[in-house]
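Thank you all for coming; I would like to walk you through one structure this morning. Please have a look at it first, and then we will go through a few places together.

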Amino acid sequence: MVIAWTTTIISSTIIIMLFSSATTAQTNNDSGGKPKRTHFIVEACKNASINSSEYRHVTKEFCVSTLQQDKRSDEAKDLRDLALVGVDILKGHIIAASGKVKEMMHSAKNGTSTAQHLRLCEMDYDAAVTILKVCNTMLKDYRSPKGGEKVGPPSFYLPDCVDKASGFVSYCEHELVDMPGQEALYKESIELGKLGDLNVALMQPYWDFTQN
């Protein structure tokens, strides 16, 4: 009986120790994993800020806060993953802005200057969304040649694609400037332009022709 009782105590102690070790390991992974991924986002955004042009400057803080709007950014393993998040965020905001433009068109009289400008802006936003869908597909298809054979489009296609989409967003901004009653839409177009600049800056490393 003494032997059996002693064996039971030892077995219980071992189980408790194993459970404690597993719990500690899980806690360390949970507390250590996310800061590491957050650090990756911060570094990518730091580089994006450095790579952004003087007249289209992107701050690290704006980059980080924007990407963290999407939880997928916490799971990003590389720049391609972050770029996919950035493109989707930009596309979502443009779609929302385009919906507001369409609503304003319903109240604008046909043939007026306002209606014409809104229509052009709508077309610009629709074109930007279409291009971003292509950018999204190219990003998903792209694989860096480092560590293996390159797959997908040349790397410089990626920032170039997003830059083209951002160009259409800026066209809408020009259509809305100084338009009476459209101040809110104009302000939103400026914010979209900043998101476009962020995506272009984030993908600057893909201009490296040695990756092709």
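Is the crossing of α5 and α6 left-handed or right-handed? Before I answer, please keep in mind that this is a predicted model. The crossing of these two helices is left-handed, and helix α5, residues 157-176, packs against helix α6, residues 183-202, at an angle of about 160°, with the axes 9 Å apart. Since angles over 145 degrees count as roughly antiparallel, α5 and α6 are therefore described as roughly antiparallel to each other.

As for the residues that meet there, α5 contributes, among others, Val-162, Ser-166 and Leu-176, while those of α6 include Leu-185, Ile-190 and Gly-196. Sorted by class, this contact has eight nonpolar, five polar and three charged residues.

Let me turn to the aromatic rings, where a search of the whole structure finds three pairs. In one of them, Tyr-142 and Tyr-206 have ring centres 5.4 Å apart and planes at 80°, so the pair is edge-to-face. Tyr-142 lies in the loop between α4 and α5, and Tyr-206 in the segment after α6, so this pair ties together parts that are 64 residues apart in sequence. Tyr-142 is buried, at 1% relative accessibility, and Tyr-206 is buried too, at 5%.

Finally, Lys-140 sits in helix α4, residues 113-141, and with a relative accessibility of 49% it counts as partly exposed. Beyond its neighbours within four places in sequence, Lys-140 is in contact with Arg-80 and Leu-84.

Note on methods:
Residues numbered from 1 in each chain as written. Predicted model: local features only at pLDDT ≥ 70, side-chain atom pairs only at ≥ 80, totals over all residues. Heavy atoms only, no water. Helix = DSSP H or I, 4+ residues; strand = E, 2+ residues; numbered from the N terminus. Buried < 20%, exposed > 50% of the residue type's maximum accessible area, 1.4 Å probe, protein only. Contact = heavy atoms within 4.5 Å. Axes fitted to C-alpha atoms, helices over the stretch in contact; angles between N-to-C directions. Parallel < 35°, antiparallel > 145°, perpendicular 65-115°, else oblique. Left-handed = near helix turned anticlockwise from the far one by under 90°. Nonpolar A, V, L, I, M, F, W, Y, C, P; charged D, E, K, R; others polar. Phe/Tyr/Trp six-rings, centres within 6.5 Å; stacked < 30°, edge-to-face > 60°.
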